[in-house]
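Open the model in a viewer and keep the sequence panel beside it.

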Amino acid sequence: MASLALSWSSAAAAAAAAASSHLPPRSNSSVKTQTRRCNKITCKATSNDKNTEPTQKLDRRNLLLGIGGVYGGAAHLLSTDNSPAALAAPITSPDISKCTTGTNLNTQQPLDINCCPPQSADIIDYQLPPVTKMRYRPAAHLAGKEYYAKFEKAIALMKALPADDPRSFMQQANVHCAYCNLTYQQTGDPKLKLQIHNCWHFFPWHRWYLYFYERILGNLIGDPTFGLPFWNWDNPAGMVMPERFAVQDSPLFNPRRNQTHLPPTPTDLAYSAKSPTNPKKIIPNNLTIMYSEMVRNVKKLEDFYGAKYVVGTKPDPGPGSVERGSHTALHAWVGENTASGEDMGNFYSTGRDPLFYSHHTNVDRLWTIWRNQRGPKQPKDFPDSDWLNADYLFYDENARLVRVKNSDTLENEKMGYVYQEVDLPWLNNRPTARVTKSKVAASTAAPLPETVFPVKLDKVVKVLVSRPKKSRSKKEKENEEELLVIEGIEVDKAKFVKFDVFVNDEDDEAADELDKAEYAGSYSQVPHRNSTTVKTRIRLGLTELLEDLDVEDDDKILVTLVPKAGGEDITIGGINIIYADD
């Protein structure tokens with residue numbers, strides 16, 4: 001890498017000069033003079049050595065911005081799959097003037113969707129203002145009449161703004177559509193589309209989105225302490241859709257919802273219209289799912305946040321636990337019971353439902369809870385500059401176009417808001433095994449992965465997976481997490497798909513029973529209108545699961561994949577076990 005960096009140094013200087021005339025104007029919210037930000041490229045001896053000093057430093061923002069053709073070509077020479085290119089750089093704010101109205105990327109036919117934002121000549125590098133009054137985000141099911149009167153007034157005022165006002169209800173809905181429906185190019189690699197879902201940008205991008213949405217609402221009603229309500233669907237007391245959202249004359253109402261899921265129906269965090277859950281199992285399943293997503297499967301950062309996504313990475317490298325699980329389930333559960341699932345059940349339209357913002361406020365709350373639960377030796381955030389320095393564009397409460405970055409999202413208190421504290425019934429809800437010391441892996445006739453994959457998941461698939469290490473010591477388990485990797489998951493992003501994963505499960509008849517240690521996790525996705533086929537992967541923690549099954553000394557495990565929706569549209573590329581130490 002050192003020689004590569006040196007050979008590019010002279011070319012980078014020339015490219016940066018050529019690029020400067022194409023950069024968008026910048027300003028700063030606290031000073032009138034323009035400032036330039038410089039990020040340095042670090043060339044490391046090994047990809048796992050986070051502390052290696054750079055052998056050569058380049059201003060890679062100047063290298064990349066405005067010269068997508070130069071960098072884009074290099075990126076594709078260096079990376080032909082979903083992995084980041086060797087000369088990676090952070091995902092940066094798109095050129096909104098190049099926003100497209102949408103294309104079906106499988107057929108290359110145009111779509112009738114335009115979520116492009118209003119144009120602005122100036123972009124302000126946003127600085128978090130001093131916190132003088134903390135915003136308070138209540139649980140939606142506990143908020144009173146006075147709160148809802150303010151909330152409904154704010155939404156009504158937002159809906160009454162002119163259609164071209166970037167703070168208006170539809171323009172705010174379009175923010176999500178544009179960033180999440182493949183309408184922007186990657187800055188630095190125009191051959192690839194920008195997508196902030198199913199990767200490590202999921203949490204910080206949505207935190208910024210809610211931050212400005214909340215500030216716009218508070219500004220409209222003159223209340224600097226106004227906070228969005230969170231739909232407390234991880235707690236049985238709050239698992240029903242908040243009642244005010246179901247009142248037809250309320251600004252919070254949306255007719256494009258599944259009418260069978262209105263109050264008092266409890267939410268199903270394992271939802272699939274094609275594979276309904278036994279109502280008696282919904283709440284136990286929900287609590288096990290939350291434990292799995294927030295405790296069992298998230299020892300490593302990637303498994304909670306999602307996979308690394310930088311310039312040159314294809315969209316959807318891999319979702320984190322909450323995103324591919326409860327988050328997606330609620331989108332599908334709320335949206336219309338149709339193939340496209342509008343409004344909540346589709347990326348392009350989901351921001352049109354006021355319930356979306358309370359749903360994602362709870363997702364944001366779960367991020368805060370997860371960080372606070374980490375031990376003193378467990379990292380809470382990625383130290384990579386490629387994550388910390390990633391930036392996006394939003395319109396603020398004063399209708400100014402501002403540029404924000406991930407590094408400012410790490411502490412919600414510093415962003416000026418806190419959450420109402422409620423019980424966490426899932427936190428200690430560690431599931432028990434239906435069968436311990438199972439011999440199903442030793443007695444099964446299931447084939448090995450190399451003889452099965454790739455395979456279409458149009459039926460239940462069972463494979464016998466070898467464990468490279470067994471009988472690991474406590475220290476070994478503390479140092480390395482054993483992970484089941486399901487890779488090459490090929491899906492059409494226009495469709496809702498879902499499958500569940502079990503380990504050493506002897507009960508083939510209870511496919512909707514997740515309240516057991518044999519349940520390893522799930523994969524699901526919210527559909528796009530911009531249809532495209534992607535390959536992604538998921539990682540599921542095994543260390544605690546194998547302890548609960550009492551099979552740590554076994555050299556093989558039986559893995560069962562159960563399609564719950566769209567199995568005919570899912571292809572699995574392979575399954576293996578790895579050991580991650582970071």
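Start by selecting residues 321-334, which make up helix H9. (Helices, H or I of at least four residues, and strands, E of at least two, are DSSP runs numbered from the N terminus.) H9 has 14 residues, and the distance from its first C-alpha to its last is 20 Å, close to the expected 20 Å; the expected span is 1.5 Å times one less than the number of residues.

This is a predicted model, in which local features need pLDDT of at least 70 and side-chain atom pairs count only at pLDDT 80 or more, while totals for chains, interfaces and linings use all residues. Residues are numbered from 1 along each chain as its sequence is written, and side-chain values use heavy atoms, with hydrogens and water left out.

Stay on H9 and centre the view on His327, where the helix has a kink of about 35°. (Buried means under 20% relative accessible area, exposed over 50%, and partly exposed in between, with a 1.4 Å probe and protein chains only.)

Next, the cysteines. How many disulfides does the structure hold? There are 2, a disulfide being a pair of cysteine sulfur atoms within 2.5 Å.

Select Cys99 and Cys116, whose sulfur atoms are 2.2 Å apart in a disulfide. Cys99 sits in the loop between helix H3 (68-78) and strand E2 (103-104), and Cys116 in the loop between strand E3 (109-110) and strand E4 (124-125); the pair links distant parts of the chain, 17 residues apart. The link is left-handed, with -85° about the S-S bond. Both Cys99 and Cys116 are buried.

Move to Cys115 and Cys177, joined by a disulfide with an S to S distance of 2.0 Å. Cys115 lies in the loop between E3 and E4 and Cys177 in helix H5 (residues 169-180), so this pair ties together parts that are 62 residues apart in sequence. Cys115 and Cys177 are buried too. With the bonded cysteines numbered in sequence order, the pairing is 1-3, 2-4.

Now select Cys180, which is in no disulfide; the nearest cysteine sulfur, that of Cys177, is 8.2 Å away. Cys180 is buried, with a relative accessible area of 0%.

Finish at Cys199. Cys199 is buried, at 0% relative accessible area.

Methods. The bend at a residue is the angle between axes fitted to the seven residues ending there and the seven starting there.
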